[in-house]
Amino acid sequence: MKLPFEKTTQRLLAVIALLLPLAATPAFATGPTCSGTCPAAATGNLTVTATVASAIQFEFKSDGSGLSLASGNNTNAATLGFGSITEYGSAPTGTTISTSPTFCTNCWSVSTPVDFDVNVSNMTSSNYTLAGYLSAAPVTGASLSVNNSAALTTSATTPTTIDNAATYGTATYDVSLGLANTGVFTSTINDTIDFVATPN
Amino acid sequence: MASFRPVFVFGLALAACIPAWCAASRVRLGRVPVRRLPTMRVRIAGAMSVNFLSAADTASIQGAQGFGVLNLGTVSYAGPVATRGVHIQHQPSGFDVETSLVLRIGSQAPAGGTAMVRAWLQNLVNPYRIFLDGVPLSQHPVCVDAHVPVGVDTRHQLKILVPFDTSESESKLQTEISLQVVSN
């Protein structure tokens with residue numbers, strides 16, 4: 001009776017015997033070759049890393065039915081000039097005069113629509129809160145409001161909420177300047193509204 | 001009891017193969033000098049290499065020959081980017097992170113030749129889209145430039161499109177771009 005080892009050895013030798021003539025052929029001896037000249041080649045690997053930070057963008061745009069921004073259209077720092085206004089005169093084109101605004105008492109106001117374009121990037125947020133405050137106290141008798149919000153103050157820590165669920169994209173807001181009926185304004189009224197858009 | 005049958009079979013096979021083997025390789029036994037068959041027909045046109053380099057106005061690439069690491073830093077739609085040579089381009093669907101990289105294809109062959117550059121990604125990095133010289137990259141090799149000069153520095157533009165809806169969990173981008181250069 002043959003041992004299993006012998007059987008294995010026998011089969012192995014048989015395989016070798018079959019392969020030996022094949023090994024003698026030139027093709028097997030040299031391996032795969034190119035015909036003619038093989039092109040030289042090389043590889044390289046470049047690892048690229050980056051960290052994407054979320055961002056929110058705020059731009060002012062002139063509204064078609066309002067005053068054109070004096071400067072800074074399509075940027076986040078724009079200038080709006082109402083020009084010369086009077087309560088009982090004709091309102092400049094693109095403005096509206098109200099004799100009973102809600103954000104001030106015993107006052108009248110001039111308003112114009114301005115487009116706010118707010119977009120968020122790389123952040124999960126369905127809407128945002130829009131708030132505003134003044135960089136300096138306005139002259140006596142003057143006040144500023146956006147969309148008939150409460151009159152804006154100079155508190156940067158607690159800015160006045162203008163819209164607590166503003167939709168991303170372009171939206172129109174009325175910027176209003178309120179003037180006391182008894183006020184005497186001998187110089188140009190000049191102030192800056194700082195807007196804050198906070199993603200919700 | 002051991003059998004000599006396998007040894008006998010192997011011996012027979014070997015005896016049958018030796019003449020064919022010798023004839024094929026042109027080896028003559030005896031006193032005749034050995035003459036090898038000229039089987040090595042491969043002629044390599046000079047070894048090539050790929051080097052990633054930095055320039056004064058490009059982002060810094062760390063690494064050695066054949067390998068490079070490019071860190072674009074922190075990028076956002078709002079920009080600007082602190083990393084030298086990295087720029088943001090606003091797009092309707094997001095923003096592009098753009099930078100140039102310098103590539104030098106080395107070769108031992110005489111200068112003046114060109115090489116074809118193919119590129120692909122080792123791993124997909126959704127939702128980002130990566131372009132090299134304007135060619136979108138995927139996991140399948142694509143020809144980026146069919147005739148890149150060999151032996152000189154060449155500039156290439158890397159662009160990564162970051163969609164607006166890239167979430168916070170996807171904010172870390174890491175991918176590996178593989179290049180293969182083949183002499184023309």
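This is a predicted model: local features need pLDDT of at least 70, side-chain atom pairs count only at pLDDT 80 or more; totals for chains, interfaces and linings use all residues.

Analyst: Read along the sequence, chain B goes α-β-β-β-β-β-β-β-β-β-β-β-β. That's 1 helix and 12 strands, where helices (H or I, at least four residues) and strands (E, at least two) are DSSP runs, numbered from the N terminus. As for labels, residues are numbered from 1 along each chain as its sequence is written, while chains are lettered from A and ligands numbered from 1 in the order in which they are written.

Now for the sheet. It's an open one of 6 strands with mixed pairing, in the order S3(B)-S4(B)-S2(A)-S12(B)-S7(B)-S10(B); here two strands pair if DSSP finds at least two bridges between them. Strands of a sheet pair through backbone hydrogen bonds, either parallel or antiparallel.

Zoom in on one pair: S7 (residues 114-121) and S12 (residues 172-183) of chain B run antiparallel, joined by 7 bridges. One of the residues bridged there is B:Ala115, whose partner in S12(B) is B:Ser183.

What about the inside? Of the 184 residues of chain B, 21% count as buried, meaning that 20 or more other C-beta atoms, placed from the backbone, lie within 10 Å of a residue's own. The largest nonpolar core has 36 residues, and B:Leu72, B:Ile105 and B:Val181 have the most contacts inside it. Such a core is a set of buried Ala, Val, Leu, Ile, Met, Phe, Trp, Tyr and Cys residues joined through C-beta atoms within 7 Å.

Take B:Leu72. Leaving aside its neighbours within four places in sequence, B:Leu72 is in contact with A:Val48, A:Thr49 and A:Ala50 from chain A, plus B:Ala59, B:Thr83, B:Val86, B:Val97 and B:Thr99. Contact here means C-beta atoms, placed from the backbone, within 7 Å. Across chain B, among contacts between residues at least 6 apart in sequence, 64% join residues at least 24 apart.

Terms used. A residue is buried if 20 or more other C-beta atoms lie within 10 Å of its own, exposed if 12 or fewer, and partly exposed in between; C-beta atoms are placed from the backbone. Two residues are in contact if their C-beta atoms, placed from the backbone, lie within 7 Å.
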